[in-house]
Structures are given as C-alpha cells and as structure tokens.
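Thanks for coming, everyone. Please put the model up on the screen, and I'll walk you through it.

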Number of protein chains: 2
Amino acid sequence: VAALPFGHALWAATEASAQGAAGAAGPTTLPSGLIVRESNPVNLEFPFSRLEGFITPTSQFYVRSHFATPKLDRAAWRLRVEGAVERPLELSYEELLRMQSETRPVTLECAGNGRSFLNPPVRGVQWAEGAVSNAEWTGVPLAAVLRRAKVKRGAVEVVLEGADTTELKSVPRPAGPIHFARSLPLAKALDPSVLLAHQMNGAELPVDHGFPVRGVVPGWYGVSSIKWLTRIVVTEQPFNGHFQTVDYAYYERRNGLPSRVPLTTMQVKSEIARPAAGESVPAGAPYRVFGAAWTGDDADIRKVEVSTDGGRSWSEGKLLGKSARGAWRLWEYDWRTPSAGKQTLLARATDSRGRTQPMERDPDRDNYMITHVLPVQVTVR
Amino acid sequence: VAALPFGHALWAATEASAQGAAGAAGPTTLPSGLIVRESNPVNLEFPFSRLEGFITPTSQFYVRSHFATPKLDRAAWRLRVEGAVERPLELSYEELLRMQSETRPVTLECAGNGRSFLNPPVRGVQWAEGAVSNAEWTGVPLAAVLRRAKVKRGAVEVVLEGADTTELKSVPRPAGPIHFARSLPLAKALDPSVLLAHQMNGAELPVDHGFPVRGVVPGWYGVSSIKWLTRIVVTEQPFNGHFQTVDYAYYERRNGLPSRVPLTTMQVKSEIARPAAGESVPAGAPYRVFGAAWTGDDADIRKVEVSTDGGRSWSEGKLLGKSARGAWRLWEYDWRTPSAGKQTLLARATDSRGRTQPMERDPDRDNYMITHVLPVQVTVR
C-alpha cells in the first residue's frame, strides 16, 4: 500500500496488538475475552474482532478506570445535588429507583481508543480498537433530577463527580486528593437522553462499570459518563476541572493560535471488526467485511465506505439494523477477495452532518480522538 | 520563631538564596548586580536587597525569558492586528511611533517570584524575591491601536503574541513550534493603562526587555506583558492558550471542586529589601526597615505592617511617595533593634480592597503566586 497517511507507519504495531492476545509477550485476556491493558487501575479492552451483535455483552464491555475501584455500599450510597439549585437534594438508591427510568442503547468510546496505532507512540493506556462498546442503559434522566433540585437562573454547567479519588502525581495538579469529575453545559445536562444509569443490559451495574449509579452521556466520549456517581454540582461559572483542561483536552487552531479545549462529542468513526488485522482469508471468494460506525450527538451515521486500494477508490457498504442516535451502527461490505497476496482494507464513515473520517492524523489531538482511517492488513491465500 | 506557617520550613533556603551571590556555589551576578538564574533562556533577577528608588534602573530590571531571545530588526518589524476586526492592520515601527504615546510607571512581577522559598520545592526558575521591578514605560495605548482596527461586535478577548517561539517539550503541548502568547479580556485590553511600550525608563527597549515593542499590562503578572510583540489577534471565543491553561494557571476551589484558572492580576504583597536575610544589625539602635509593596489592578496599597514577634503583634510602617496605580509603593519602618540574638522580621501589606497578605500558603497555587508572609531572619549583635 503506497503513501499511507500520517500515523500509519506503526502498521507492525497494529498487527502485534491484534495478535498480542495469542502471543507469548502479548497482553493477557480474561475468560470473557476482555484484554487486560492494565490491572491497577482496571483497564480492559473489548476484543473488537469478536464483535457480534448490536449490544456488547456486559462481560465483554470495555472497562476504563482512572483510580482504584471504589466498592460502594447500596444502603449507604447517596447522590447529593448541590451548587446553584433552589433545593439541594440527597437521594438514596431507593429514592432514585422510585423515579421514572428509561432504557436506551448508548455507545461509549474512550477518547484514547486506537492509541496504540499512533506513531510516534503517545502516553496513556495503549488501547487497540476495542475501547468502545455499546450497551442498553436503564436510568433516571439527569434532567428529572435537576428539575427536582430546581436549577437557579444563571447556572451554566453541571458537574458530575464520582466516588473514585486519588492524589495525582503528574504536573500540574491540584493539591491533595481529588475525585474524578467532569462538567456538561447546562443544555446538554437537560437533554433527556442523559441518564443516571443503574442498570446495564437489564441487570444491576457491575462494580467496574460504576455501581450503583453511572452518568451516561450519549454522543460524548466515555470520560464524561462518570462512574460511581455520588455528587452533582450545578455551577454558575464554567468548570475547568483537571480532566477537561490539563487532561482529556486537545489543542484547536483558531487564527493560527492553538487553544486548549475539552474533549466532548465523539467524532465520526468506523472500525473493521472482521477480517481482523493479520487474518488469512481465502482467495477469489466472497468475504463479509463487518464492523461498526458511530458519531457525536445530534447526528447519525449515513454511510460507510470501504477501500481495498489504499484509498484511491471507495465502495459503499451496507448499514445494518436501524439508526439509534447515540448508539453505533453495524455495517457490512461484501468483498470479493483477489488472488493471493497481502491486502489492506480501509473503512471510512460519513455522518448526517456530512462529516467524514479524515485520512490524516491531526497532531494537535495528541493522545486523543484517534479517528483517522486506519488500515487493516490481511493475507489472501 | 515558633509556629511559622506552611511554606516557611525552607528558611535555610531563604538565607542561602540571599547569600548565594557571595558564596562559592551560589549563582553568578552580572556587573549591574543582576543575579543569573538561568542563562539559556535568559533569566536574571533584580538584587532586591539593593532596592533604592521608586524606579528600577533598566540595567537592574529583572529579565524573564521563556525561549531563545529573538533579535528583531527595527526596519523589518511589523505589528499585525487581525482576527475579529473590521480593518486588519500592519503597523511598522515608525507608524506606531507616530501615534500618541504615554508614559507611566508600571511594576512587573513574575508569577513565580519567591518560588525558591517554597517547601517542598516546586518546578520553575528558582527566583528569590527579586523577580519584580518597576520602570517607567512609554508606549501607545493598546486601546488606540484597537480603535484603529475597529474591533467587531462579539469580540471577547485580545491575544498578544510575541516573536519568541519554540517547540515545547513538556506534556501536554500543541504540535510543532508555538509562539509565546496570552490573552486579555476585551475590557482590560481597552483599559487606557495598557501600553504597547517602545521605551523603558526613557530609552529604547533593550533586546532582553522585548525590543522593539512590549505589551505592558499594569496590575497583571508579568507573563501577560508580552515581549517582542508582533501580532495582536482579537477573538470571538475565549482563548485557552497553553500559557494560561496548562502553564501560568492554578486551581481555585469552587463547591469543593478544583477548577483551573489563568493567572491574571497580581496579588497584594510586600517584600523587605533591608535588612537582607542573614544581615547583621547593631543591637539597641534605630534601624530603617525598607521595602516595597504592590497589588493588582484597580487597587492601591493602603498599609504595610511589620512584626518582630512572629506575627503576634504588628506595627504600621510608613508609605513613601504617592500612590501610582499599577506601580509599587515604597515603605519604611523605624525599628528599634533589641539586644543581641536572632531576630525575624515579617511584613504584610493591605490594599484598598481590604485584601491582606495571607500568613499561610495556598497549596493549590502550586508554583505560582507566592504571596504569603515570608520571614527575614537577621542577627542582632
């Protein structure tokens, strides 16, 4: 494949990652298939080449933890709602569950998903393509809780804070231990799709996924879907928390000046589940290329295209099922494999706002938002 | 001295810093008395114990540089004014000098001034108490240039950008080389006191102080007074430049949540120039304690108090000269020295907004805004 764009030089790494689970020096896998990227804190990757249905089984849903996993007691758990509200609240688990719940499929993707494919390497958990999963979440709309607390006029943001806490070691950092926390603009917090989820795929939240309650923010990178939620703070000033300024942010150029902005909405992206990188496929035969595609809020996936000639020409694949905003869309492409040799597949998605995955990596994104088209190399034999 | 507050444990360091210039292992000094903290980039400290008059001689004015010093050619220099303006400008040095200039005394303090006294040590240039100086600056009000360019409705900030440039090594960082730059809210940029200075103490700007033109922002930490100014960008969104988000920022607690905010206005502060730390003074005699005090914009120094008993009691000193907003105020205190022994002097300033220097260090300020009361220990003999 000639002239693959910036960020593609680590093809060898792609292959190594995909095969790592089997190799002697590769990462270990759990019986469920989850790939252990880090065990302390717990960071587990969905084996994306095993993608089957629209819903990721809970046992295979990727796990992203920043600090030690808090083990919260259901009876003692309280959700405090405070700050710029007329009626500060403290809700027990039972009180929350007595409120009206909704169920919706939501895809969460870690903002660092695909990081291991970058060249030069970047800091952070070295995810391959499986720091993304899709589950059915059941929870109380955040908007309903905010209505109960009566948000004051002049409020601008809503901070979700988890029980997970640590003293950071990197610099700059706040003094002393802090909790993981992130804010949403008030309008997003009031969007009826944002849930305080207490169930995942029809069962109680597992501890690794935020038991007893996790914020679930459709269309935004997973970092905003705060696990082990214990506090909601409505603010009258923008919240510049550590995890949206120093970390989980990137530089955007405006007037030629790099300006640091928080990571928020997921960017349009597709991934190929099968063939997996390094797979052998039969020559001169039909092969069903299969994957998923997703995008940010207020948009749907409109098209996924596949290229087998390094991006010179593209053929449209077929979108499967129906569009559910905030959830990924599965897709397939019927490939007639050529004669024996190395082949490289590319996939790119386009959404309802006309945004298409870029071919080149924007280096100002540093170690986040890896959405440029990545090659999957296979052997036809 | 019993129970000196947080940040005071490094008293030994205070003494070492003050005496360093003379000691074998201490920093070198230039013939002017400037203390060399770093030579590449050039970071030179005013020998604060040699404070004499209201105006710091240019040869003794502290120098803070982040990257290599740009040597700009007067004839080739241009100041571009662009972004959200009706009439983008490109001014030559002669064109700028043909505009009406004003002269005003302005004190600049590095946000890291006093850093070497912190315990535990923090990163950054290890300034003692002399990263502060006061000069008469002559320049064209920034507001006049902005009027010529006609700021568009909807503009919110004004970015000043220097010619100094480098590729950062710390993380996170933007990709590729960037220029040193910082923004002012539009209201501050339109304040008539903000100058595009082309003279310092009645002569052309020396290269280390930003030749040919430096922004001078009274009442704000020196970091905003951009040297080697070549571009002004008016923005319609807040500018989150590297040097006001990742660097030159600190954490402020709101609702118990640390929120990162840029360093802007100088905090109320006094420093003792004489006696110097470690100095010997005669017992049972009158001694003129002498120093300077300053504060942020829209405020004046109202009072400087001195304590010789570790902060249990305070006596008011005398403010010298007249108040000039944006410039420091010299002060003195007639001390009747006691009998022989170690003595510790403390000074604290209060400004017209009723703000007094704190006795304790706020650790969320990390390596910046060192304004808590620092002890000066002397030997009475």
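Start with helix 3 of chain B, where B:Leu142, B:Ala143, B:Ala144, B:Val145, B:Leu146 and B:Ala149 are buried. Buried means under 20% relative accessible area, exposed means over 50%, and partly exposed is in between, with a 1.4 Å probe and protein chains only. Helix 3 spans residues 142-149, and six of its eight residues are buried, so this helix is mostly covered. Helices are DSSP runs of H or I with at least four residues, strands are runs of E with at least two, and both are numbered from the N terminus. What follows helix 3 of chain B? B:Lys150 does, and its phi is positive, near 60 degrees.

A word on ground rules. This is a predicted model: local features need pLDDT of at least 70, side-chain atom pairs count only at pLDDT 80 or more, and totals for chains, interfaces and linings use all residues. Residues are numbered from 1 along each chain as its sequence is written, chains are lettered from A and ligands numbered from 1 in the order in which they are written, and side-chain values use heavy atoms, with hydrogens and water left out.

Next, the two chains together. Chain A can be laid on chain B by a turn of 180 degrees and a shift of 0.0 Å along the axis, with an RMSD of 0.0 Å. That is the relation of a two-fold axis. The superposition is by least squares on the C-alpha atoms of residues with pLDDT of at least 70 in both copies. Which residue of chain A comes closest to the rotation axis? A:Val246, with its C-alpha at 2.8 Å.

Now the interface. Chain A gives 35 residues to the contact and chain B gives 35 residues. Contact here means heavy atoms within 4.5 Å. Why do the copies meet through the same surface? Because 100% of the interface residues of chain A are also interface residues in chain B.

How much area is buried between chain A and chain B? About 2,700 Å², and carbon and sulfur atoms give 55% of that. Buried area is the accessible area, with a 1.4 Å probe, that two parts lose on being put together, summed over both.

Between chain A and chain B there are zero salt bridges. A salt bridge is a side-chain nitrogen of Lys or Arg within 4 Å of a carboxyl oxygen of Asp or Glu. Polar contacts are there, though: 16 residue pairs across the interface, both residues at pLDDT 80 or more. A polar contact is a pair of N or O atoms within 3.5 Å; within protein, one must be able to donate a hydrogen and the other to accept it, and residues adjacent in sequence count only if both atoms are side-chain atoms.

Which element of chain A supplies the largest share of the side that touches chain B? Strand 15, with five residues. By class, that side of chain A has 16 nonpolar, 10 polar and nine charged residues. Ala, Val, Leu, Ile, Met, Phe, Trp, Tyr, Cys and Pro count as nonpolar, Asp, Glu, Lys and Arg as charged, and the others, Gly among them, as polar.

On to salt bridges within the chains. Over all chains, the structure holds 35 salt bridges. One of them joins the side chains of A:Glu204 and A:Arg74, at 2.4 Å from N to O. A:Glu204 lies in strand 11 and A:Arg74 in the loop between strand 3 and strand 4, so the pair ties together parts that are 130 residues apart in sequence. A:Glu204 is partly exposed, at 40%, and A:Arg74 is partly exposed too, at 31%.

Next pair: A:Arg288 and A:Glu332, with a salt bridge at 2.5 Å, N to O. A:Arg288 sits in strand 18 and A:Glu332 in strand 22, 44 residues apart. Buried or partly exposed? A:Arg288 is partly exposed, at 40% relative accessibility, while A:Glu332 is buried, at 15%.

In chain B, B:Arg348 forms a salt bridge with B:Glu305, the closest N and O atoms being 2.8 Å apart. B:Glu305 counts as buried, at 10% relative accessibility.

Last stop, B:Ser224. This residue is found in the loop between strand 12 and strand 13 of chain B. At 2% relative accessibility, B:Ser224 counts as buried. Not counting residues up to four places away in sequence, B:Ser224 touches B:Leu160, B:Arg182, B:Leu184 and B:Val217.
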